[in-house]
Amino acid sequence: MFKGHPKGLYALALANTGERFGYYTMLAIFLLFLQAKFGFTAATAGQLYAGFLALVYFLPVLGGLIADKIGYGKCVVMGVCVMFAGYLCLAIPTPANTGSFVFMIGALVLIALGTGLFKGNLQVIVGNLYDESQYSSRRDAGFSLFYMAINIGSMFAPAAATAITNKHLAAANLVYKADLPALAHQFLDGNISTENMAKLNDLAVGMNANAANDLGTFCQTYLDQLSSAYNLGFGVACISLIVSIAIYVSCRKLFKHADVNTKQAAANNAPVVELTPKQTKDRMVALFLVFAVVIFFWMAFHQNGSSLTYFARDYTQSTVSGPLRLGFNIWILALIAVSVYTLFAIFQSDSKKSKVICTVVTLALWGCAAALYFGMPESLGILPQELQQFNPFFVVALTPVSMAIFGALASKGKEPSAPRKIALGMLVAAIGYVIMLLASHGQAAPSVLNGKVSPDPVVPTYLISTYLVLTFAELLLSPMGISFVSKVAPPKYKGLMMGLWFAATAVGNYLSSIPSMLWDKVPLWVNWTVLMSLCIISAIFMFSMMKKLEAATND
């Protein structure tokens, strides 16, 4: 699995892991932060969330243009520095006023600009490693491993955000309650209903027996403490970036030879691949077709931070018991994920000694996971953002499964092309929202709840299953898409084309705000049906263009 890849892949993957850990820690709580601090509606918070994601994924176009002129490595370093400044600003507690909102927007712009300089250009360097003939056949597998490493960082992010939130609130003798921020804002704004007032009073007295005497002070204190907890979560990203740049700089010798654009290669008299005008045109057309399709995948996929988080908060049980508890201990998930790799190593090892060692390690990992599980309380409280850790866990755990399946198909000459995998990914994504349709059956519309949680919440298994299916789709689409771009992009436009891949992602991310905008206006099933239908239509379009796409891949 790990054999036959350039050493630079692992250095670049680890550098990206650190950056993604900070980014996803911030993203896991960003929407909740907007509503807790500023009291925004689901629609407003969803638009800001989607707008930020769109900017994050659109600015790699600018980063790619710059890198095609000055170099990929320079842009990567610049990106880390700019991101650090943005996260540092976001971590500073400020009062909830207009000035604070403007300051936050400035911080978000810095984060997006830094990501634009960093993200796409790091992946271009990875792609350049596989331009060498001895590695070219392993390009897809290499990007799968790279993508897996990214998700190691994002897997731990929700747990880090949750731990910080809980610890900070506990220090103030408070606990997290999903409906309390909205009720507190309704009270402070003077528009709370009689029913919601009774609910707020019960929650407040449950934390502080004297809260009923001064409910206004309690509400303001709770919102301030919760917002400060989220600020601390944003600060984690600063630390992760320091680790990321340290890995990048210390290991640069492993990938320095791949940090070369066409301008630099020409200056060093290195061979540069030249395409005919027709080849360039065919490749560009194929790339733009893929870009158009993935817009709708990312629109559906990035509901994890918006409508799926709303569903986790308002319609999903806030406690778990029984075997399901193991999914809400990040260390158990980490042990299980590692055991998947050691389990595969048992069958892939060349020597008997290695097989025995891998067997012992696998059993030890399972034993540690079991010990942690049996040491957990019988009932465990969970926060909405914790559901987000399942997607990256599934990516990490299922990557070797995916690689084994496609490796076996490749050995028989039957491995699907990258465009075909992308089309299949769209169909699989549609199945994820069929599960959400089942989960939403019989549930009241968000407008009926009016800030409260459902009186009959569903088990977390529905959302976990949805994330599992969306992960299958992601493994078919995202690493394969990046690999496709790195292979098909005309050499002199590599940075730009990788940037446009992320620009397509940006459009999808912005469109992901549509379910949030509709959240308080339509029944739940409407949102899930729209997302499911878009995935199916995109898959059909992709299959209809398959000959053109595969011709460009083999050109």
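A residue is called buried when its relative accessible area is under 20%, exposed when it is over 50%, and partly exposed in between. Keep in mind that this is a predicted model. With those cut-offs in hand, cysteine 358 counts as buried because its relative accessibility is 16%.

**Cysteines**

- Searching the whole structure turns up zero disulfides.
- Cysteine 81 takes part in no disulfide, and its nearest cysteine sulfur, in cysteine 75, lies 12 Å away.
- With a relative accessible area of 52%, cysteine 81 is exposed.
- For cysteine 358, the closest cysteine sulfur belongs to cysteine 368; the two sulfurs are 16 Å apart, which is too far for a bond.
- A disulfide would need the pair of sulfur atoms to sit within 2.5 Å.

**The nonpolar surface patch**

- Leu424, Leu427, Ile536, Ile540 and Phe543 together make a nonpolar surface patch of about 390 Å².
- Two or more residues of this patch come from each of the helices α16 (418-439) and α21 (524-544).
- Helix α21 gives the largest share of the patch, with three residues.

**A closer look at leucine 427**

- Leucine 427 is one of the patch residues, and its place is in helix α16.

Key
Residues numbered from 1 in each chain as written. Predicted model: local features only at pLDDT ≥ 70, side-chain atom pairs only at ≥ 80, totals over all residues. Heavy atoms only, no water. Patch = residues over 30% accessible without salt bridge, like charges linked within 9 Å, V, L, I, M, F, W, Y side chains within 5 Å. Areas by Shrake-Rupley, 256 points an atom, 1.4 Å probe, with all protein chains shown as cover. Salt bridge = Lys/Arg side-chain N within 4 Å of Asp/Glu carboxyl O. Helix = DSSP H or I, 4+ residues; strand = E, 2+ residues; numbered from the N terminus. Buried < 20%, exposed > 50% of the residue type's maximum accessible area, 1.4 Å probe, protein only.
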